[in-house]
Amino acid sequence: MMLLSAQKLTVRFGASEVLSGVTMGISAGEIVTVLGPNGSGKSTLLRALLGIVGAVSGTVTRSAGLRIGYVPQRLTMDRAMPMTVRRFLSLPQRVDDAAADTALGRVGLPGLGAQQMAALSGGQFQRVLLARALLVQPHLLILDEPTQGLDQPGEAAFYRLIEEVRRDTGAGVLMVSHDLHVVMAASDRVICLNHHICCEGTPRVVSNAPEYRALFGLGTQGALALYQHAHDHSHDHAPHAPAHHDHSGHDHSGHDHAEHDHAG
Ligand code: ADP
Ligand code: MG
C-alpha cells in the first residue's frame with residue numbers, strides 16, 4: 001500500500017530550484033533511503049513531503065489517516081538545558097508513562113526515563129529521538145540523517161534497530177543518510193538525489209548506476225568501494241558498463257567527491 005508519494009514536485013527558494021520535478025513514493029513496510037551530496041535537497045524533499053515546505057508545482061499524496069513520526073536533521077534543542085528523557089518524550093504532546101516506557105523499551109533503552117537528556121551518549125540521544133517519533137504509532141517514519149555523529153558500530157546498531165521497528169510495527173521508513181555502505185545493506189530501495197532524482201532502485205542497481213558513481217565517486221578508501229569488494233569480489237575500479245551514458249543530461253561533475261569519501 002502506498003503511504004506517501006510525490007508527483008513532479010518542484011521547490012524553489014528565491015531564484016534557486018532546490019527540487020525539480022521529483023516523483024517518488026514509499027509503501028508500507030518499505031525502507032527507502034535518500035542519498036545525495038550536501039545541499040542536494042534531501043531535507044527539503046522530506047519537509048515538502050511533510051507539508052512543512054511549500055512546492056511551486058507538483059503534488060504530495062498521503063494515504064487516508066496517515067500517521068507520520070518525524071525526526072528532523074537538526075533538533076533545535078539546547079542539550080545543556082536540564083530535562084529528563086521522560087519529560088522530553090512528552091514534548092510537544094503529553095504521553096502517559098506506559099506509552100513512554102513502551103517506546104523506550106522498543107529502542108533498547110528501558111528504564112531510561114529519569115536520565116538527563118544532556119547525559120546521553122550520541123547513540124542514546126538518537127534512540128530517544130526515535131522513541132519520541134514512535135509515540136504517535138506511525139505508519140511511516142521519516143528520519144533525516146538519524147545516525148549523524150555516530151561511529152560505525154553505532155550506525156550499524158541503529159540500522160538494525162530500524163529494521164526491528166519495521167518488522168514489529170510494519171511501518172514504512174523513509175530516511176536520509178550519508179552512510180553509504182550501511183545504507184546499502186539496510187535499505188530495500190535507494191533514491192539518489194541531486195535536486196532531481198538521478199537514479200533509483202535496489203541498492204545493487206543503484207550502486208552500479210553511472211549517475212550514482214558520478215555523484216559519489218569510486219575512491220578506493222570510500223565506503224562504496226568496500227561494499228563493492230564485499231559483494232562483487234571485484235577489484236576493478238573501471239566502470240562495469242561498457243559505455244558511459246548520462247541519460248539525465250545533467251552535469252554531476254562539479255561536486256566535491258572528497259566530501260563523501262568516508263575513510264572510516
Ligand atoms: P540537504 O539536506 O541535501 O543537505 P537541503 O534540502 O537542506 O539539502 O538544502 C538544499 C538547498 O536549499 C541548500 O542550498 C539550502 O541552503 C537551501 N535551503 C534549504 N532550506 C531553505 C530555506 N528554508 N530557505 C532558503 N534556502 C533553503
Ligand atoms: Mg539535510
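Visitor: Which residues coordinate the magnesium ion (ligand 2)?

Guide: This is a predicted model, in which local features need pLDDT of at least 70, side-chain atom pairs count only at pLDDT 80 or more, and totals for chains, interfaces and linings use all residues. Residues are numbered from 1 along each chain as written, chains are lettered from A and ligands numbered from 1 in the order written, and side-chain values use heavy atoms, with hydrogens and water left out. Donors are N, O and S atoms within 2.8 Å of the metal (3.2 Å for Na, K and Ca), and sites may look incomplete because water is not among the atoms. At 2.1 Å, the ion is coordinated by Ser43 (OG) and Gln73 (OE1).

Visitor: How many residues apart in sequence are the parts that serine 43 and glutamine 73 tie together?

Guide: Helices (H or I, at least four residues) and strands (E, at least two) are DSSP runs, numbered from the N terminus. Serine 43 belongs to helix H1 (residues 42-50), while glutamine 73 sits in the loop between strand E5 (68-71) and helix H2 (85-89). The pair therefore ties together parts whose separation in sequence is 30 residues.

Visitor: What share of ligand 1 does the protein bury?

Guide: Polar contacts here are pairs of N or O atoms within 3.5 Å. A backbone N or O atom of serine 43 is 2.9 Å from an oxygen atom of ligand 1, and a polar backbone atom of glycine 41 is 3.0 Å from an oxygen atom of the ligand. Taken alone, ligand 1 exposes 560 Å² (Shrake-Rupley method, 1.4 Å probe), and the share buried by the protein is 55%.

Visitor: Which element gives the largest share of the shell around ligand 1?

Guide: The shell holds residues with a heavy atom within 4 Å of the ligand, among them Phe13, Pro37, Lys42 and Thr44. It divides into 3 nonpolar, 6 polar and 1 charged, with Gly counted as polar. The largest share, 3 residues, comes from H1.

Visitor: Is threonine 10 buried or exposed?

Guide: Threonine 10 is found in strand E1 (residues 2-13). Beyond residues up to four places away in sequence, threonine 10 touches Glu17, Leu19, Ser20, Gly21, Ala55, Val56 and Ser57, a contact being heavy atoms within 4.5 Å. Buried means under 20% relative accessible area, exposed over 50%, and partly exposed in between (1.4 Å probe, protein chains only). With a relative accessible area of 9%, threonine 10 is buried.

Conventions: A polar contact is a pair of N or O atoms within 3.5 Å; within protein, one must be able to donate a hydrogen and the other to accept it, and residues adjacent in sequence count only if both atoms are side-chain atoms.
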